[in-house]
Amino acid sequence: MKTGKNQVKIIGGQWKRKNVSFIDSPGLRPTPSRVRETLFNWLDQDLTGKVCLDLFSGSGIIGFESLSRGASSVVMVEKSPQVFKMIQENKKLLQAEKAQLHFMDALLFLQNSNAKFDIIFCDPPFNEGWEDKLFPQLANHLTKDGLIYFESESVLIEHSEFNVLKKRKAGNVFYHLVTLKNNEPI
């Protein structure tokens, strides 16, 4: 496995233009800036006071971008030791005190936590059936008006508890903004 360092820039907020480093690792695909720009437009740019969960943190760019845009805290979950170490280094460099890092499997985190989040970011490895594994548990971790951002290799299927509010495709990546069915559309 190659372990070269790569970088991606934060595109908005207090750390705008700061670099986040990440290593080459199988399945690691940092969300491109044009997709992040659309995502944060969907979220109205400002995440002041939001409590966020970044499952499958990978490069950590979504979590750090959320903190840069005012999130009150971001829980970042990653199970790869080398990738997690890089997230720790980025947290230190950015002095991202509001980032809470968890070195563990995403499903175990969901099963062992009762925390609720305003926004859950999910960018799991592709072609491993994560959608079916995650969606049954995600509703338990959303606040009343919470949102889920989900990246996948295909369009999301309908889930009984959720509405897809917005969806787009960039290259081979499909990305979606999802809410609980009892919530009003944004």
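Visitor: Asp145 first: buried or exposed?
Guide: Asp145 counts as exposed, because its relative accessibility is 55% and the cut-off for exposed is over 50%. Keep in mind that this is a predicted model.

Visitor: What does Lys144 form a salt bridge with?
Guide: The partner of Lys144 is Asp145, with the closest N and O atoms 3.4 Å apart. Lys144 is exposed as well, at 64% relative accessibility.

Visitor: Where do Glu89 and Lys85 lie?
Guide: Both are in helix 3, residues 81–94, and they sit four residues apart, about one turn of the helix. In an α-helix there are 3.6 residues a turn, so residues three or four places apart point the same way. Glu89 counts as partly exposed, at 31% relative accessibility.

Visitor: Where is Ser21?
Guide: Ser21 belongs to strand 2. Ser21 is buried, its relative accessible area being 9%. From Ser21 to Ser73 there are 52 residues in sequence and 20 Å in space, C-alpha to C-alpha.

Visitor: Which side chain of opposite charge is nearest to Asp54, and how far away?
Guide: Arg36, which is 10 Å away. Asp54 is buried yet has no salt bridge.

Visitor: What is Asp54 in contact with, then?
Guide: Leaving out neighbours within four places in sequence, the contacts of Asp54 are Gly60, Ile62, Gly63, Val74, Val75, Met76, Val77 and Phe121.

Visitor: Phe121 next. What does Phe121 touch?
Guide: Not counting residues up to four places away in sequence, Phe121 touches Leu39, Leu43, Cys52, Leu53, Asp54, Leu55, Ile62, Ser66 and Tyr149.

Visitor: Which residues have the most contacts inside the largest nonpolar core?
Guide: Leu43, Phe64, Leu67 and Phe121, in a core of 33 residues. Elements that each supply at least two residues of this core include strand 2 (19–23), helix 1 (33–42), helix 2 and strand 4 (73–78). Apart from it lies another core of 24 residues, among them Leu53, Phe56, Val77 and Ile148.

Visitor: How many of the eight residues of helix 2 are buried?
Guide: Eight of the eight, so helix 2 (residues 61–68) is largely enclosed by the rest of the structure. Among its buried residues are Phe64, Glu65 and Leu67.

Visitor: What follows helix 2?
Guide: Gly70 follows, with a positive phi near 100°.

Visitor: Which residue other than glycine has a phi near 55°?
Guide: Phe56, where the value is positive. Phe56 is in the loop between strand 3 and helix 2. Phe56 is also buried, at 15% relative accessibility.

Visitor: And what is the phi of Asn127?
Guide: About 60°, which is positive although Asn127 is not a glycine. Asn127 sits in the loop between strand 6 (117–122) and helix 5 (130–138). Asn127 is exposed, at 65% relative accessibility, whereas Phe56 is buried.

Key. Residues numbered from 1 in each chain as written. Predicted model: local features only at pLDDT ≥ 70, side-chain atom pairs only at ≥ 80, totals over all residues. Heavy atoms only, no water. Buried < 20%, exposed > 50% of the residue type's maximum accessible area, 1.4 Å probe, protein only. Lys, Arg positive; Asp, Glu negative; His and termini not counted. Salt bridge = Lys/Arg side-chain N within 4 Å of Asp/Glu carboxyl O. Contact = heavy atoms within 4.5 Å. Core = buried A, V, L, I, M, F, W, Y, C linked by side-chain atoms within 4.5 Å.
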